[in-house]
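Please keep the model open while reading.

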Amino acid sequence: MPRPAEHWVTFTVDGLEVQAPDGVMLVDGAKYGDVEIPVFCYEPKLGQPVGACRMCLVEIEGIPKLQTACSTPVKDGMVVHTQTQRVHDAQRAVVEFLLINHPLDCPVCDKGGECPLQDITYGWGPGTSRFIEPKRHFKKPLELSPLIAIDRERCILCYRCVRFSQELSEDYQLILLERGAHSYVGTFDGHPYVAPFSGNIIELCPVGALTSRAYRFRARPWDIEGAGTVAPTDATHCNVELTVRDERVMRVLARDHEGVDDGWLDDRTRFGYQAVHVDERIVQPLVREGTELMPASWEKALGAATAALKKAGARSAALADGETTNEEAYLLQRLFREGLGSGHLASRPHGELPLDAARALADPALQATIPDLEFAHAVLLLECDPIDEAPVLDLRIRKGIRRHHVQLAVASARPTALDAQAASVMRLAPGGAEGLLVALDAALSGDDGNLGGASTAAGSNAQAVRDLAAWLRDAGDDLVIVYGERALRGQGARALLNLAARLELAGRDGAGLLEVPSVPNARGMREAGFAPGHGPGFATLAAAARDARGIAEGLASGELSTVWLNYADPVRFHPDRPLWESALGTAQVVIAVETLLTDTVREYADVVFPGEAYPEKEGTLTNLDGRVQRLRPAIGRPKGATGLPGSGVRPLWQVIADVARDLGLDLRALTGAMASSQLFEAVPFYGGLTLDEIGGRGIRWPELNAEWDAPTEVARLEVPAAGPAAREGALRLGTFRSLWASKDVDVSPALHFLRPRQVAELCPQDAEALGINEGDRVEVSANGTRIRGTAKLRAAVPPGSVFVAEGVTDEPANTLTEPLVEVRRVRERELEPQL
Amino acid sequence: MGVQLFYDGIDDPELRTLDGYAKRGGYEMLRKALEMEPGAVLQEMLDSEVRGRGGAGFAMGKKMSFIPGGTMDKYLVCNADESEPGTFKDRELMQKNPHLLIEGMLIAGYAIGANKSFIFIRGEYDHQADVLDAAVAEARAAGYIGDRILGFAHTQDLVVHRGAGAYICGEETALLDALEGKRGNPRLKPPFPAVQGLYRGPTLINNVETLMNAPHIMRMGGKEFARLGTANSTGTKVVSISGCVQRPGNYEVELGVPTRELVYGLAGGPPEGRSIKAWFPGGSSAPVLPGTDEYMDLPYDFDSIAKAGSMLGSGAIIVIDDSISIVDVAVKTAKFYRHESCGKCTPCREGTNWTVKMLERVQSGEATPMDLDIMASVQEQIIGNCLCVLGDAMAMPIGSMIAHFREEFEAHIDAARERNGLGAAIPQVNRGRQGGAYPMREPAGIEPTPAVV
Amino acid sequence: MAIDPSQVRRFAHGSRVPGWDDAADLSKDPAVIPDPATTPVPEHIRAEIEAQMAKYPDFRSAAIPALHIVQREHGWCSPTAIEQAACVMRLTPAYLTAVATFYDMFSTTPKGRHDVFVCTNISCSLLGADRIHEAMVEAAGRDPDFHVKPFECLGACDIAPMASVDGEYVGPLEETDCARIVDDVKAGREVLPDKQLKRRKIAIEYWREQTLGGPDARRPSQDAGPDDPRR
């Protein structure tokens with residue numbers, strides 16, 4: 001549903017004439033006149049008001065009973081009183097009622113000092129209580145999950161947390177049990193409340209009933225400062241407020257941004273901050289001496305890196321991922337292109353796009369925004385699962401379906417978290433997205449010649465594709481296609497552009513494409529020119545260079561000699577681990593910028609520059625819908641072992657500039673801001689942005705009306721080759737990357753329990769044929785390479801496919817490089833004894 | 001005895017079957033209604049001025065007229081979650097004459113254009129639900145329920161939905177939540193069910209007895225029906241009389257009969273040698289009235305009982321005789337509402353809990369007369385501040401008991417303190433009966449505290 | 001001081017509500033919607049629940065009927081029972097637990113097969129329901145086959161004090177009836193046939209017969225009527 005138009009009304013609060021948008025609730029409307037009405041249960045982000053706490057009762061002329069301001073929309077000419085005796089009596093009554101069983105443990109309560117109940121009690125309460133009965137006492141705190149502690153004594157039953165679980169994240173795990181005064185918040189049969197967004201309930205709780213186990217008793221509100229920045233944990237770049245005490249990040253809170261995260265955070269962003277302050281953190285340069293990485297001075301490390309790069313010259317390459325900012329990407333590509341004459345710069349694990357396709361896909365006219373997901377007529381989710389790749393998008397899509405009746409279609413190989421909400425679901429063969437896009441193009445153009453073959457390549461059939469094409473055509477004007485990076489392989493990008501042209505998505509507000517890249521700042525790096533096929537701002541280059549796989553092949557074959565890994569861990573996260581192992585093993589020098597001592601760094605790096613963690617960084621990031629946002633340093637960079645100034649972590653723009661200088665290239669980056677302004681000048685469509693303009697909320701550059709020349713003609717497509725079909729004893733291999741497969745999760749004590757373990761997801765039919773039961777240890781193998789995992793039976797997995805997890809450190813899925821694998825149960829005697 | 005619309009021949013076991021019901025003119029009024037325009041049927045209901053029998057006493061025709069026109073899915077729900085203490089009329093009516101309810105629902109459904117209808121019957125009424133299931137199956141087989149009823153354009157389905165034991169589901173919006181498969185929590189109003197009810201569609205919710213009036217209204221004509229009873233309380237009423245009476249049971253009377261005739265005449269009055277101390281005029285949610293002549297002479301109709309400070313409610317009289325301690329009744333009543341409070345809104349959840357705790361202290365003798373003041377004030381804090389009327393339903397009778405029987409409460413406290421060896425209660429400073437709810441700080445004209453941001 | 005503080009049992013009480021003191025068991029996995037691949041559901045239960053789901057415009061309306069079904073099959077709303085219903089309905093078990101714990105007729109703890117709900121609400125208690133409940137507990141409380149529970153108003157105050165025995169309403173009860181109830185249920189007989197509510201005529205008829213048939217043993221019918229001297 002398109003966004004409704006806004007209309008303003010005038011009403012009176014406490015004798016003050018106030019104008020507010022029509023339809024807002026009185027609580028919000030009164031704020032336009034600076035009148036505060038106290039609330040506990042009201043939180044408009046959680047959906048319809050419930051009117052449960054009764055704190056917001058006000059008097060409205062013409063209505064005999066007091067009304068809840070949280071559920072009464074403002075109307076023209078309404079006369080409201082919030083300061084009459086009746087209202088005071090009611091408010092005091094509610095506070096008195098709420099406090100009768102609420103313990104007076106504010107001095108030892110984590111919420112004390114930032115507690116709405118405390119504030120409202122002071123502001124609106126009766127001051128004393130007449131309740132002399134014994135208060136109820138219960139054991140406290142109790143574990144609700146490894147992340148959250150629950151204190152049921154303090155709970156005032158405002159329903160916020162259960163509404164979040166039930167109506168917002170829709171995981172429906174957190175419930176109210178029993179009835180009346182016996183009601184309490186809990187879960188089914190003592191199961192923990194573990195869900196990707198569970199941490200949000202801590203922030204929603206208006207009392208100290210739900211607290212973060214990682215933050216409990218670490219600081220009081222008067223000890224801390226808040227620092228706003230954005231989190232580069234995934235490509236949405238959630239806005240966060242870091243709670244800082246003594247140069248340490250103690251907590252991460254959401255900094256509500258309607259255009260980005262809508263005020264929610266996933267648990268990885270919320271609890272991953274612990275990785276900033278762990279022992280595994282690299283705080284000074286390391287240089288390999290013999291087989292050991294030894295701490296080294298900056299001079300030595302810079303010297304080693306410079307020498308290696310100078311020697312390699314055009315035979316050097318760079319790979320970026322993780323926390324890489326736009327500025328770093330820009331400076332790095334200058335360093336490599338101008339200083340070394342190498343254009344081998346890659347960030348995408350699944351391959352880069354040809355320049356024309358990259359440019360066409362970035363066309364501002366084709367861009368959908370994150371809020372469009374909420375107001376579109378229809379959304380197609382193509383080969384991606386937001387819950388793992390860009391979690392808050394999952395919440396946005398759900399919100400759209402719930403509030404604005406958005407129609408959702410899902411087409412993916414692996415079942416997604418949104419399947420249950422979708423109007424139609426199409427299961428593809430692993431890697432079949434290209435086939436589907438070509439088939440959809442054929443169906444929309446009426447080209448029956450390609451349709452059959454392409455549908456088969458997709459792992460579907462012509463009729464299903466025709467139905468989906470018809471659905472897309474008839475879904476309504478505002479159609480948003482959310483696609484994963486894997487869908488762009490081969491002719492995928494061209495086909496997607498054809499689709500957009502045929503569905504006339506270009507230039508339409510509220511419609512368009514939205515990429516969910518697998519690298520957090522993928523969009524920004526591409527736009528800053530960190531790509532093999534184009535320079536900053538998609539500038540044309542004389543010659544294209546190698547993509548990620550090409551770099552690996554070049555290193556393995558000796559055609560390339562030195563590689564710069566900028567927060568990148570290709571061995572873990574890129575396909576074809578054997579190739580990368582051989583590449584990094586063969587490479588003469590591996591220069592790594594990394595925050596943590598990961599396996600790849602430990603094993604392969606020769607020179608290691610300590611990387612800044614995001615709370616220490618400055619610079620800009622561009623999120624998946626083109627919003628350029630600022631990273632602002634919240635804490636100082638860690639010092640080195642000597643404690644001397646400059647011995648520890650240095651800003652990365654400075655490191656790059658220093659290397660460049662030693663190579664005889666002056667990057668003219670003396671400050672972070674200088675790097676930013678260079679970037680803004682170099683990328684034409686960033687339109688001369690300034691850091692000030694970007695401010696705390698960011699700017700979507702597609703809204704800056706940049707000139708864009710993109711090809712409009714539709715391309716002629718070929719039927720892609722179908723992957724091999726499953727056969728007796730061999731299943732098609734699909735992979736997925738869990739939200740929790742990340743270096744932060746590995747080292748954060750709070751998140752440690754979520755570290756993914758290897759699984760093999762099978763449908764029950766295949767499992768039965770293979771004699772595999774739920775929970776069995778199974779071996780997935782091809783060509784003699786094998787990984788082990790736990791069998792997980794899922795009815796929604798398509799027969800003939802098996803899915804294993806990427807980025808799992810102990811049983812890495814990317815060692816399997818064949819499309820077909822054998823799956824068998826590991827017999828008990830084969831299992832190694834548990835130590 | 002007067003007119004017996006419902007109870008005339010109701011004990012005929014054949015009446016439960018379609019044949020037996022048809023023999024007595026069953027489903028003829030449905031045919032008559034279907035031959036009329038829906039608006040004309042609605043007009044008859046309006047003319048009858050019959051008021052809801054479930055507790056709130058809202059005019060049935062008016063409620064029906066709130067259902068918007070149009071072709072959206074509309075719903076009719078029969079509230080058969082009869083759980084008000086002292087009320088048991090719907091149970092007997094459904095069990096003995098199920099087809100009358102079905103016919104009434106079909107007529108009402110036709111008048112408002114509802115194609116889906118539900119009977120939400122409380123789970124404890126197992127037998128009655130079985131009877132209804134059988135009757136619905138029979139009626140469906142005979143073409144009274146389903147597509148194109150009797151060949152007319154009207155289509156209406158009927159599902160008997162069994163609850164699972166929660167008084168609050170008698171509240172109409174809580175009933176809707178329960179019917180939607182959720183916890184039976186009341187919803188905020190507005191939106192009212194007539195606009196956005198079951199599955200977000202316009203919904204008419206009526207009590208069993210109310211809907212059973214529809215065939216009678218069709219037969220008599222609305223205007224004629226309105227002659228029964230009094231001007232503002234038309235029709236007959238099945239009154240449930242229970243408690244300390246000699247002949248408890250359901251009695252059908254025209255509204256407006258003197259209460260005395262109900263309690264003494266029909267129900268036989270209190271047991272020999274006892275007198276009536278107090279009575280609930282309309283279920284346990286109604287404020288109690290003393291058993292004095294002044295109140296016994298009240299005509300039993302909506303307006304007179306309301307004027308006396310109570311309400312007709314579901315039409316259930318519970319008689320309390322002089323052998324019963326009012327404190328015990330208060331504790332029972334308060335405990336019931338604490339048990340049945342859904343817990344959604346603060347004043348009801350905490351207020352009922354607090355009241356029970358105070359009353360238990362009164363009962364055990366740990367209280368002082370000051371507690372009565374606090375208790376009365378707590379009741380005032382509940383009334384009008386809750387999401388639904390359940391909180392009020394406890395606060396009103398408890399408040400009325402303290403108001404009418406304060407001396408007995410105080411005597412009980414004194415005696416119990418004496419028994420416990422606690423000595424006499426010290427008179428309270430600063431907390432007289434008129435001391436008000438908040439003796440601690442002057443409430444008016446407070447500045448918002450700067451601490452609150 | 002209105003209250004002698006030494007008399008108030010301030011801290012001598014713990015949790016009186018089961019569940020409040022329970023932490024989550026961190027060794028368990030989060031309870032998501034049960035996957036049909038790993039949750040076996042007996043075919044007849046699945047069929048019955050699906051039939052209920054088909055009756056409503058929104059399948060979730062079948063939550064209460066589904067819980068009635070699994071409670072009947074499993075004896076109580078056990079975690080397994082709830083998981084089975086959740087699997088068929090494609091809801092989380094938590095959803096159904098929230099519903100099950102709200103309603104008095106569902107039991108999320110093991111209970112006896114035979115439900116004896118003794119009404120202890122106002123009308124019944126005015127006529128001695130608490131004594132009946134005690135007697136009932138005495139008669140059946142230790143028998144694992146019985147589930148004796150004090151219940152709020154069951155809607156049969158005309159036969160107060162009363163009880164619902166496996167859904168059969170019987171009353172007015174005397175303490176001696178409790179043993180008979182246990183015997184009747186154990187023998188598989190109809191429970192107290194002479195006191196079953198469903199056989200009772202409307203009040204006017206019933207009391208007329210009682211009066212004609214002789215004075216009611218329990219409450220001598222001395223019809224005062226309009227001529228009552230107390231008027």
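## Interface of chains A and B

The area buried between chain B and chain A is about 4,000 Å², with carbon and sulfur atoms giving 52% of it; buried area here is the accessible area (1.4 Å probe) that two parts lose on being put together, summed over both. The model is a predicted one, in which local features need pLDDT of at least 70 and side-chain atom pairs count only at pLDDT 80 or more, whereas totals for chains, interfaces and linings use all residues; side-chain values use heavy atoms, with hydrogens and water left out. Residues are numbered from 1 along each chain as its sequence is written, and chains are lettered from A and ligands numbered from 1 in the order in which they are written.

Chain B brings 46 residues to the contact and chain A brings 49 residues, where contact means heavy atoms within 4.5 Å. Two salt bridges are found across this interface of chain B and chain A, a salt bridge being a side-chain nitrogen of Lys or Arg within 4 Å of a carboxyl oxygen of Asp or Glu. One of the salt bridges joins the side chains of A:E133 and B:R361, at 2.1 Å from N to O. The interface of chain B and chain A also holds 17 residue pairs in polar contact, both residues being at pLDDT 80 or more; a polar contact is a pair of N or O atoms within 3.5 Å, of which, within protein, one must be able to donate a hydrogen and the other to accept it, and residues adjacent in sequence count only if both atoms are side-chain atoms. On the side of chain B that touches chain A, helix 14 (326-340), helix 15 (346-364) and helix 16 (369-382) of chain B each supply at least two residues, and the largest share, 10 residues, comes from helix 15 of chain B. Helices (H or I, at least four residues) and strands (E, at least two) are DSSP runs, numbered from the N terminus. By class, this side of chain B has 21 nonpolar, 13 polar and 12 charged residues, with Ala, Val, Leu, Ile, Met, Phe, Trp, Tyr, Cys and Pro counted as nonpolar, Asp, Glu, Lys and Arg as charged, and the others, Gly among them, as polar.

## Interface of chains B and C

Between chain C and chain B the buried area is about 5,700 Å², and carbon and sulfur atoms give 57% of it. The contact draws 60 residues from chain C and 86 residues from chain B. Two salt bridges cross the interface of chain C and chain B; among them is the salt bridge of B:R91 with C:D158, whose closest N and O atoms are 2.9 Å apart.

Polar contacts across the interface of chain C and chain B number 26 residue pairs, both residues at pLDDT 80 or more. Helix 2 (63-74), helix 4 (93-102), helix 5 (122-126) and helix 8 (203-212) of chain C are the elements that give two or more residues to the side of chain C that touches chain B, and helix 4 of chain C provides the largest share, five residues. That side of chain C has 30 nonpolar, 13 polar and 17 charged residues.

## Two sheets of chain A

An open sheet of three strands in chain A has the order 6-7-10 with antiparallel pairing, and its edge strands, each pairing on one side only, are strand 6 (142-143) and strand 10 (210-212) of chain A. Two strands are taken to pair if DSSP finds at least two bridges between them. Strand 6 and strand 7 (residues 148-150) of chain A pair over two bridges, and A:L142 has A:I150 as its bridge partner in strand 7 of chain A.

A further open sheet of chain A has seven strands in the order 15-14-27-26-25-16-17, with mixed pairing; strand 15 (292-295) and strand 17 (345-346) of chain A are the edge strands. Strand 25 (residues 562-566) and strand 26 (residues 589-594) of chain A pair in the parallel sense over five bridges, and A:N566 stands opposite A:V593 in strand 26 of chain A.

## Backbone features and confidence

A cis peptide bond joins B:P190 and B:P191, with omega of about 0 degrees, and B:P191 is in the loop between helix 8 (172-179) and strand 4 (203-207) of chain B. In chain A, A:D246 has a positive phi of about 50 degrees although it is not a glycine.

The predictor gives the complex an ipTM of 0.93 and a pTM of 0.93. Chain C has a mean pLDDT of 87, with 84% of its residues at 70 or more, pLDDT being the predictor's confidence in each residue, from 0 to 100.
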